[in-house]
Amino acid sequence: MTSENVDNEVLKLSLSHPSATFSAKYVPFSPHEPMNESYSLDEIIYRSKDGKLLDVQHDMDALKKFDGKYWKDLFDSRLGKNTWPYGSGVWSKKEWVLPEIDNEDVVSAFEGNTNLFWAERFGKEILGMNDLWVKQCGISHTGSFKDLGMTVLVSQANRMRKLKKNLIGVGCASTGDTSAALSAYCAAAGIPAIIFLPANKISIAQLVQPIANGAIVLSLDTDFDGCMRLIREVTECLPIYLANSLNSLRLEGQKTAAIEICQQFDWKAPDWVIVPGGNLGNVYALYKGFLMCRELGLTDSIPRLVCAQAANANPLYLYYKSGWNEFLPVKASPTFASAIQIGDPVSIERAVYALRNSDGIVEEATEEELMDASAQADLTGMFTRPHTGVALSALKKLRQRGVIASTDRTVVVSTANGLKFTQSKIAYHSKELPELQCKFANSPVEVKADLESVMDVLKSRLPSLQKKNSAS
Ligand SMILES: Cc1ncc(COP(=O)(O)O)c(C=O)c1O
């Protein structure tokens, strides 16, 4: 079939499925004992009657009326186009995300469709791997994977305001990235955003984003868990829609990163996917995306998931090490990976479900390990945040132990852009972190502005010049 024929075929198929065929609803997150309780996505509700988290459940029978080839062709046909809203990486999968929303109600910055970077040097030179990839979710509208979920949540909030639901704004507690995404999408839609941040615990680059986007920013003298408690109390008193990942709409957008990964490998799932985890919504979202691809016939396997935590904020790791015996929240200590400094994760049950069903693993990384791994990755051409350093450290450990084989196709999810974290990177490279060795620091050389001094430095730093000198 020529590509023109494929296009025509896809067009015909698209016309044959009015979006109204597909639907989704909230059900309690209760995979082991399914319940007869469900809610419309147009309701403002976050938990079931007995306090369980909610999950968005799609009408899989309706989706299954179309085979894997249909979905692959449809999703592929939307790539790189500007057609509203399907040019977005999230909305190109609209039927699997929020099938019933009108296109005019979607609030999108054409997020998603992020690069899958072949980490050739990091893989070959540091890990002896040839098939290592980094999913660059941070190359995005506000610089993190949070955009994927926020376009869905704010679109639904936009729809509910049009439906005259009592909703005066959208709010969240945040370790930085969620507030940036919420503020941007709310500003685009003209909806007030209310942000609760832990004072002095986020980077300046993160703080400036909600400020610039005109959000109401409250800087609170507590940690993330404290901010989370307060925003929940406030949303019980005021009609402010809660945008934390407790709200399962966000996960519907985030799961598209998994669908995209399969698509980028010509509809094959990788062997492993490693993701940094804090509140633990994202690891479940990715699992959901991989599972849908398999259930709907786009792929024939799901990857083994690895959730990587900072050792300073590792409640999931401790739970995993106990043989999933007993979960105990921890008081998270400061970590350079500040967005995952969370001791009492909201999505703990979702994460455990995802990990157990994907034969998953939990790993942890110390501050030294995560900062070194991030610096090493940068030295091979990336520009990573400490969070990606956590995931890369986990990969290094699993390679050392032989759990991940040299030929395994492995994807590390880089959740956010390194440009938001220049302070800790500068401190590392200037060796201003007394508790760390900063093994891979590369400080600028202060040198007199004359040719001889400059040449001396270049000779001392360029090995090829040294070889020439000793030969002559
Ligand atoms: C950069 C970054 N990485 C990872 C995470 C962790 O995602 P989750 O909280 O869904 O586990 C976050 C969450 O804030 C983040 O901002």
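According to an unreviewed UniProt entry, residues 108-415 carry the annotation "domain: Tryptophan synthase beta chain-like PALP"; UniProt positions are given in the numbering used here, feature names are shortened, and annotations may be inferred rather than shown by experiment. The model is predicted: local features need pLDDT of at least 70, side-chain atom pairs count only at pLDDT 80 or more, and totals for chains, interfaces and linings use all residues. Residues are numbered from 1 along each chain as its sequence is written.

The protein contains 19 helices and 12 strands. Its radius of gyration is 23 Å, close to the 23 Å that the globule rule gives for 472 residues, so the protein is as compact as a globular protein of that length (the radius is taken over C-alpha atoms, and the rule is 2.2 Å times the number of residues to the power 0.38).

Six strands form an open sheet of mixed pairing, in the order S3-S4-S12-S9-S10-S11; two strands pair if DSSP finds at least two bridges between them. Strand S3 (116-118) and strand S11 (361-365) each have a single partner strand, so one side of each is left without a neighbour in the sheet. Within this sheet, strand S9 (residues 272-276) and strand S12 (residues 410-414) pair in the parallel sense over three bridges, with Ile 274 opposite Val 412 in S12.

A further open sheet is built from four strands in the order S7-S6-S5-S8, with parallel pairing. Its edges are strand S7 (216-220) and strand S8 (240-242), each of which pairs on one side only. Strand S5 (residues 169-173) and S8 are joined in the parallel sense over three bridges, and Gly 169 stands opposite Ile 240 in S8. Helix H7 packs on the sheet and touches S5 and strand S6 (193-198), where contact requires C-beta atoms, placed from the backbone, within 7 Å.

Methods:
Helix = DSSP H or I, 4+ residues; strand = E, 2+ residues; numbered from the N terminus. Contact = placed C-beta atoms within 7 Å. Axes fitted to C-alpha atoms, helices over the stretch in contact; angles between N-to-C directions.
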